[in-house]
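This report concerns the structure shown below.

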Amino acid sequence: MLETVLCRTFVDEPTNRCIDDFFECVERLPDAAIDNPDKARAFAYLATKRNPHHSVGVAAKAGVWDLDHAAFDGVRDFLRGL
C-alpha cells in the first residue's frame, strides 16, 4: 500500500513519536478502532503539516513527502523494470 511506504519516510522524524503516542492513546479507548493503521498514520502525519490536505497525492504535489527517500527504492526499481 502506498501509505505503508509513505509512513517509512517519516519514521525518523520527531513527529512520528507524537503520532505513536496518539495511536497508543486511541488503542486504549474501548470504542475506538484503527482498521487501517498505515493509512491512518499517513493522515495523522499530514495533519501536522501547514495547510494539511486529506489527499496523499495532493500532499505529494505540495512537496510534503520525501519522494527521494530510500523507502521508495523498491518502487523505483519496480517501475524501471517495467
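How many residues apart in helix H2 are Asp-21 and Arg-17? Asp-21 and Arg-17 lie four residues apart in that helix, a separation of about one helical turn. The model considered here is a predicted one.

The side chains of Asp-21 and Arg-17 form a salt bridge with an N to O distance of 2.8 Å. Arg-17 also meets Asp-20 in a salt bridge, at 3.8 Å from N to O. Arg-17 and Asp-20 are three residues apart in helix H2, again about one helical turn.

Arg-17 is partly exposed, with 46% relative accessibility. Partly exposed, too, are Asp-21 at 36% and Asp-20 at 23%.

## A bridge between helices

Asp-20 forms a salt bridge with Arg-41, with 2.6 Å between the closest N and O atoms. This pair connects distant parts of the chain, as Asp-20 belongs to helix H2 and Arg-41 to helix H3, 21 residues apart. Arg-41 counts as buried because its relative accessibility is 15%, under the cut-off of 20%.

A network of salt bridges links Arg-17, Asp-20, Asp-21, Glu-24 and Arg-41. The count for the model is seven salt bridges.

## Nonpolar core

The largest nonpolar core comprises 15 residues; Leu-6, Phe-10 and Trp-65 are among those with the most contacts inside it. Helices H1, H2, H3 and H4 each contribute at least two residues to this core. Helix H3 provides the largest share, four residues.

## Negative surface patch

Asp-12, Glu-13, Asp-66 and Asp-68 form a patch of negative charge on the surface. Asp-66 sits in the loop between helix H4 and helix H5 and is partly exposed, with a relative accessible area of 39%.

Key
Residues are numbered from 1 along each chain as its sequence is written. This is a predicted model: local features need pLDDT of at least 70, side-chain atom pairs count only at pLDDT 80 or more; totals for chains, interfaces and linings use all residues. Side-chain values use heavy atoms; hydrogens and water are left out. Patches are made of residues with over 30% relative accessible area and no salt bridge: like charges are joined within 9 Å, nonpolar side chains (Val, Leu, Ile, Met, Phe, Trp, Tyr) within 5 Å. Accessible areas come from the Shrake-Rupley method with a 1.4 Å probe; for residues, only the protein chains shown count as cover. A salt bridge is a side-chain nitrogen of Lys or Arg within 4 Å of a carboxyl oxygen of Asp or Glu. Lys and Arg count as positive and Asp and Glu as negative; His and the chain ends are not counted. The place of a charge is taken as NZ of Lys, CZ of Arg, CG of Asp or CD of Glu. Buried means under 20% relative accessible area, exposed over 50%, partly exposed in between (1.4 Å probe, protein chains only). A nonpolar core is a set of buried Ala, Val, Leu, Ile, Met, Phe, Trp, Tyr and Cys residues joined through side-chain atoms within 4.5 Å.
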